[in-house]
Amino acid sequence: MSNKGLIRVLAIALALACLFHLSFSVVTSRQKSKAAEYAAGNPEKEAKYLDSIGNQKVYFGYTYKECLENELNFGLDLKGGMNVILEVSVADVINALSGHSQDPTFLQALELAKKSQEDSQDDFITLFGKAFEKVAPQGQLASIFNNYNLKGKVSFNSTNAEVLKVLRDESEAAIANSFNVLRTRIDRFGVTQPNIQQLSGQTGRILVELPGVKDPERVKNLLKGTANLEFWETYNNNEIASNIMAANQRIKTLLEAGYDFDNNTMATADTTSAVADTTKSLLGGDDNLISDTDSTALAQNNDQYIKQYPLFAVLHPMVDQSGQWYGGAAVGYANHKDTATVNKYLAAQQVKDVLPRDLKFFWCVKPMEQDESSYELVAIKVTNRDGTAPLNGDVITDAREEFDERKGGAAMVSMTMNGEGARTWGRITKDNIGRQVAIVLDNYVYSFPTVQSEITGGNSQITGNFTVAEAKDLANILKSGKLPAPAKVIEEEIVGPSLGQATINQGLWSFVGAFVIVILYMILFYSTAGVGAAIALVCNVFFLMGVLSSLGAVLTLPGIAGIVLTMGMAVDANVIIFERIREELHNGKGMTLAIQEGYNNSYSAILDGNTTTLLTGIILYIFGHGPIQGFATTLVIGIITTLVTAIFITRLFLEFLLERGKNIKFWQNWNEYFLKNTKLNFIDMKKTAYVISGALIVISIASMAIKGFDQGVDFVGGRTYVVKFDDKVSTGDVRALLSESFGSEPQVKTFGAENQVKIITKYRINDEGDGVDSEVQTILYDKLKSLYKTQNISREMFLQGFVVNNGTPVLSTDDSVENYGFQSSSKVGPTIADDIKQSATIAIFISLIVMFLYILIRFKNWQYGLGATMALVHDTIIVLGVFSLFSSLMPFSMEIDQSFIAAILTIVGYSINDTVVVFDRVREFIGLRPSNSLKQNMNEAINSTLSRTVNTSLTTFFVLLVIFIFGGEVIRGFVFALMLGTIVGTYSSVFVASPIAYDFLKNNKEAAAEEDRSKKDEYTKK
């Protein structure tokens, strides 16, 4: 081999670079160990220690924080944490650009576009344009959008197409601004190795990955809020007492008339008239008092008084025992379960008619101190004619968390305003001395203090029983700026740290087991050469991990599976080389020449096989996200490192031995002629193979059509929760307990051990309201806590994980110890579920087309491409059929989800790799043996590669089997698909791809002529 010196230098340089990048992980691990030793089991103390050394130099001039940024990244499934896809509401952006137009045509088109978005792949601007044209075929968008917001961009003469273009540009700018605001918030949140990126091809979608996060609700609140800060004047409740009483009476009248508040169904004309006639009398009486008797009965929630006071049955008024209103901005308080009912009552137009036009209501963001399940409703006074707040958050120049010494060091947020804001704030406070002013963020009241005196200088505080973390987050949001539109969570995945640690252990053991099996197999089968393959394999894994670390790539559990699969591919490259060398030795060539010829003759097959798998990995990376991208990244990098190590490292090892006169063996005594003298007529077996394959395909298609699939949440949308109990549980018991609350029977499956279940439900999956996720978690806690042997489990313990000490549940602080309770969750909205399903389908079809085109280009015959593609279709259908047929029979998950699609695409790459090796030998034999018939050349090609086919398939299968057994429940279905694909792919390469290519080549006159020309060329050379 020429240039050995250069190759050695490059190999050493690559090794040193990988060692350097991996060393950061060692340094951070050592510092974390020191922190754990110092904290002695106190997580807060440990966190403070690590924070204190963040800016200290701990490694060759690198600070601890910089070392963390350069260490090997672990994904959520290995570290725990949160993965969220946010979608910036383009509909809200359009609404804002219209100046919140109340044009009926505009509002109807907007609602129609929202509805169309649920099952369409078009972007929202396109859908809105179509909806507007449908609602108003002759309508002009310019009449709506020719306003101050779009001054100079839209005129009365602008066409609808021109307006839509402006809306698209403005919405893209708003999305970009949202991305920057969210990135700033995340950076200030203090998470190690966060990942935030705009999803390509997905307008308005932003991916946020936060490894190690242990408070998901806090993160979601941080991400979703628009940070629309407003300062409002308020009403005293005694000023509007008669109106509130009138509203109660109006609600009573409407309920008696059968009014539907859920759908705002209008009452009959007679009833409407009767209701209107009562308005004057309601407002004219002395109904601002509630009698002592009524007040007492109301407190008892008596049925008679619920009918008399339907509003106050859910909104407890701020009155004393004599029925007199207390005064202050809060008109009442409601249990969190009743706030939606209060909202419906007060939103009805007939109820609004008895309330002042300048009155609006906002709920407090924090529960009451004396009742943590209830929230106060604050009466806001609108003073601007356009309905906007007199002062908003645009004037805030700085915000920081501080502590209020007057209230025992309670956390608060201090704000500083610019000059304009300071003047306006001074005027508002001066005009409202002795009254309360509400500070509102995203339509929730954070504080409504009583103004004691005029506040000048533009400094103010927000107080409100905040924790330190809440105050820090609020200051972060205010400093980062306002989102131009709300961002809703359309997909999320939460992995508990305990499950992450368990997954690391399972992944590590599966990796070690697979690694040992591959090394032993290669040494036992290929003797001395096998030792060289083992050394190359060690280098391969080392280089792969080093490159992952240097690129800042994320290692996930599927990524570990990708590493193990890479080991199988590395073995395949070595097997191809070693089998060619064995052939050359059996043909009587010397060791030096045999090694040289063996390598030279192997390059084509290795290059083709790895290129097809590389293309598959690229397609996976483009169409997947999250762990699937992690798998694809590992696969692509692994292919490159495999080529380097298999071709160069083993060659250097063998030539090192040659130069020193060492004895090199490529076989053991028992396997020197393993599968070398086979004379099987594979082409004549094609009819039998066609019958078998045809039967399997028919059964598969029938099962898919009749039974269908167990589709994962990725494809159908919904919520998934993994919960671990402290004893065995029946899935039927879990299902029965949850069915009533969820309104329909959820799917409940045993997930791994018999004390762990996966719960799948679509309960309120379309509801984007705040608190829905918390409500579902509360239902799970309330219903499932009875299934635990351990008593007195709190909601916090259930959600964050707990251990049992001497029969007592204790909140877990050690991630390495098995925790009970909530393990992980995921949520996929229906819109993104449709997108994922479409992307998966496109990915499979593109991979098939790409494979066909590659084979066509490399072999210059469409027949080869057709045979290979038909084999891939054959493999895909059979694997899909097995997952359909046995989905309810296997003791592990056989869901069709993103991971399964990744497995299908990997199978495509593996199968085509096998096929390419055979076709490459067919092409070689046609050139070397022109006198032989096509059938002879094909049979001899398949027989000559049989040893390589069996060795590679067995090695890959056993490697996958180790992962299947030890890799954990999370990827068991994914690995089973790969195992099945290995078997089916090996079969199809021999019994499907080759026979189909043969049939079409044999019947093609151009192929026959090409074969004749090849013979003549060969004869001329001789």
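Figure 1. Thr613 is placed in helix H22, which spans residues 591-623; helices (H or I, at least four residues) and strands (E, at least two) are DSSP runs, numbered from the N terminus. The model is predicted: local features need pLDDT of at least 70, side-chain atom pairs count only at pLDDT 80 or more, and totals for chains, interfaces and linings use all residues. Residues are numbered from 1 along each chain as its sequence is written, and side-chain values use heavy atoms, with hydrogens and water left out. With a relative accessible area of 6%, Thr613 is buried; buried means under 20% relative accessible area, exposed over 50%, and partly exposed in between (1.4 Å probe, protein chains only). When neighbours within four places in sequence are set aside, Thr613 is in contact (heavy atoms within 4.5 Å) with Met569, Leu635, Ile639, Gly909 and Asn913.

**Figure 2. Ser703 and its partners.** Ser703 belongs to helix H24 (residues 686-706) and counts as buried because its relative accessibility is 7%. Residues up to four places away in sequence not being counted, Ser703 touches Gly708, Gly881, Ser884 and Leu885. The C-alpha atoms of Ser703 and Gly881 are 6.4 Å apart in space, although 178 residues separate the two in sequence. The side chains of Ser703 and Ser884 are joined by a polar contact of 2.7 Å. A polar contact is a pair of N or O atoms within 3.5 Å; within protein, one must be able to donate a hydrogen and the other to accept it, and residues adjacent in sequence count only if both atoms are side-chain atoms.

**Figure 3. Strands S13 and S14.** Strand S13 (residues 396-404) pairs with S14 in the antiparallel sense over eight bridges; two strands pair if DSSP finds at least two bridges between them. Ile396 stands opposite Met417 in S14. Strand S14 (residues 410-417) is largely enclosed by the rest of the structure, because six of its eight residues are buried.

**Figure 4. Nonpolar cores.** A nonpolar core is a set of buried Ala, Val, Leu, Ile, Met, Phe, Trp, Tyr and Cys residues joined through side-chain atoms within 4.5 Å. In the largest one, of 133 residues, the members touching the most others are Phe578, Ile581, Phe666, Tyr864, Phe900, Met938 and Phe974. Apart from this core lies another, of 69 residues, including Leu141, Leu164, Ile779 and Tyr820. Leaving aside neighbours within four places in sequence, Phe900 is in contact with Val879, Leu880, Phe883, Glu895 and Ala977.

**Figure 5. Salt bridge between Arg948 and Asp572.** The structure holds 34 salt bridges, each a side-chain nitrogen of Lys or Arg within 4 Å of a carboxyl oxygen of Asp or Glu. In one of them, the side chains of Arg948 and Asp572 meet at 2.6 Å, N to O. This pair links distant parts of the chain, with Arg948 in helix H33 (residues 946-966) and Asp572 in helix H21 (residues 557-586), 376 residues apart. Arg948 is buried, at 4% relative accessible area, and Asp572 likewise counts as buried at 4%.

Figure 6. Asp169 forms a salt bridge with Lys165, the closest N and O atoms being 3.3 Å apart. Both residues lie in helix H9 (residues 160-189), four residues apart, or about one turn of the helix. Asp169 counts as partly exposed at 38% relative accessibility, whereas Lys165 counts as exposed at 53%.
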